[in-house]
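Hi everyone, thanks for coming. I'd like to walk you through one structure today, so please have a look at it while I talk.

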Amino acid sequence: MLRVNIGNAMEEVLGEKGLTEKEVEALRDKLQDALSQIKERRWKELAFLDLPEQDLTEVKKTGVRIKKEAEAFLLLGIGGSALGPKAILHALSPFHNLRKTPRVFIYDNVDPVTLRHMLELIDLRKTVVNVVTKSGSTAETVASFMILWEMMEKTLGEDAREHFVATTDPEKGNLRQIARQNGLTALDIPEGVVGRYSVLSPVGLLLTEVIGVDSTEMLKGAQELRDRVMEEEPWKNPALLVSAVLYLYGTKYQRDIDVMVPYSDGLKYFSEWFSQLWAESLGKLGLGFTPYPSVGCTDQHSQLQLWMDGPEDKVVVFIRIEEYGDDIRIPFVFQEMEGLSYLSGHMLSELIKAEQESTELALAKAGRPNLTVIIPRLDAYYMGQLFMFFEIVTAITGFLIGINPFNQPGVEEGKRLTYGMMGKRGFEERRREVEEARERKRCWCL
Ligand code: PA5
């Protein structure tokens, strides 16, 4: 089971910059209210909590077909529809495309250079395109879908339809309509499950199956973690404690930047996934905390100076892995050089774990709060636990702050202005606004 250690955020270990038990106690009622909201599913968007019980028949069947028939799997999506799949791919099948087929490409932007490169690398006749969009109309995703649709039709005619899988809302939206009209294979993102909480739906699970990983294990991990954090007593509930620590530092002590540092290359994109979840869920009404994606040990030689010695505005969240599952011994070479020979005979996993522990301690000695999330190993089961854990922590933290952690009103205006510029009917006024803004800026352009 995933565990946490919040010692380096508490007064007993950290000294005067640590939180006191009294401060956490004072939050008890709010924490219990947040937990009740979760248990009673008071928001329809808490449907993500029930994803572990979903029926996987269609996902598995589609996965088997893709593995059998395709050389390439191209996922089109953005935000919550792409970051989860990316995190899964990099954690559970590192260097996938150099080692296995179907090769996997995740296109989550509208950069023409990237798409051109991807298209040069794949043979459309042997490619399955998975279009992932809950709303069914996100501009970036549908633009790339339209391009692929036309290209597939030109290459394959009527057969093109068999090369698409639509992952979308069960009823609503343009993509659902297209899927119905054209008889596309379609997988449901259940009603209530919103983008950044959707990784454990077919959004992430189809890719999981395509890369040869058992999605049942991932859901089992998520389920057991979810049940574990339904514990009422805050001091025994890791999700409540982590939310409490980040909330107290963020609101009482202006430490509102949360650095996510997994000590694993495989979790680099997990950091990105977490950052979207934390930023888009909590940043509203002038409130919220800033996520800072990172990876250890790499960023010890890039960012650590700032965390240790820079502004006192951060809390560092480590992810520690107990067993790496593979290891390499550092050999007995260059024994005459003291600067190197002390490493001989040690395993690489010993070094990475020592670095994680030392960094924790160094930060604590400098009065910099941090906490550690510990998983026994990095596999499908524990990825399920990590996803579910941080989704629940995010929802609880949102309830503590007093905002809606499931919407994202702040991204709408940018979308409307883009619609105006791209000529969408009804957004003519927005287009004029953009043109006027361009004029106002002109004299400031050097
Ligand atoms: O978390 C969210 O809801 C968003 O980040 C969405 O995932 C993102 O905007 C993409 O939306 P959609 O899946 O509807 O294309």
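**Salt bridges, a helix and a ligand**

Let's start with lysine 86, which counts as buried because its relative accessibility is 17%, and the cut-off for buried is under 20%. Please keep in mind throughout that this is a predicted model.

So what does lysine 86 form a salt bridge with? The partner is aspartate 108, and the closest N and O atoms are 3.3 Å apart. Lysine 86 sits in helix α5 and aspartate 108 in the loop between β3 (103-107) and α7 (112-121), so this pair ties together parts that are 22 residues apart in sequence. Aspartate 108 itself is partly exposed, at 22% relative accessibility.

Now look at the whole of helix α5, residues 83-92. Nine of its 10 residues are buried, so the rest of the structure largely encloses this helix. Among the buried ones, besides Lys86, are Leu83, Pro85, Ile88 and Leu92.

On to the other salt bridges; the structure holds 39 of them. One that I like joins the side chains of glutamate 53 and arginine 226, at 2.9 Å from N to O. Glutamate 53 is in the loop between α3 (28-39) and α4 (57-69), while arginine 226 belongs to helix α11 (residues 215-228), so here the parts tied together are 173 residues apart in sequence. Arginine 226 counts as buried at 7% relative accessibility, whereas glutamate 53 is partly exposed at 44%.

Glutamate 69 is exposed, at 52%, and arginine 65 partly exposed, at 23%. There is also a network of salt bridges linking Lys17, Arg255, Glu312 and Arg368.

Next, the ligand. Which residues come nearest to it? Of the 13 around it, those are Ser81, Thr133, Thr138, Gln276 and Glu280. Threonine 138 has a polar side-chain atom 2.4 Å from a ligand oxygen. For threonine 133 that distance to a ligand oxygen is 2.7 Å, and serine 135 also has a polar side-chain atom 2.7 Å from an oxygen of the ligand. Taken alone, the ligand exposes 390 Å², and the protein buries 88% of that.

Last stop, the surface: Val333, Phe334, Met337 and Leu340 make a nonpolar patch of about 370 Å². Phenylalanine 334 is in the loop between β9 (314-321) and α15 (338-341).

How values were computed:
Residues numbered from 1 in each chain as written. Predicted model: local features only at pLDDT ≥ 70, side-chain atom pairs only at ≥ 80, totals over all residues. Heavy atoms only, no water. Buried < 20%, exposed > 50% of the residue type's maximum accessible area, 1.4 Å probe, protein only. Helix = DSSP H or I, 4+ residues; strand = E, 2+ residues; numbered from the N terminus. Patch = residues over 30% accessible without salt bridge, like charges linked within 9 Å, V, L, I, M, F, W, Y side chains within 5 Å. Areas by Shrake-Rupley, 256 points an atom, 1.4 Å probe, with all protein chains shown as cover. Salt bridge = Lys/Arg side-chain N within 4 Å of Asp/Glu carboxyl O. Near = heavy atom within 4 Å. Polar contact = N/O pair within 3.5 Å; in protein donor to acceptor, adjacent residues only side chain to side chain.
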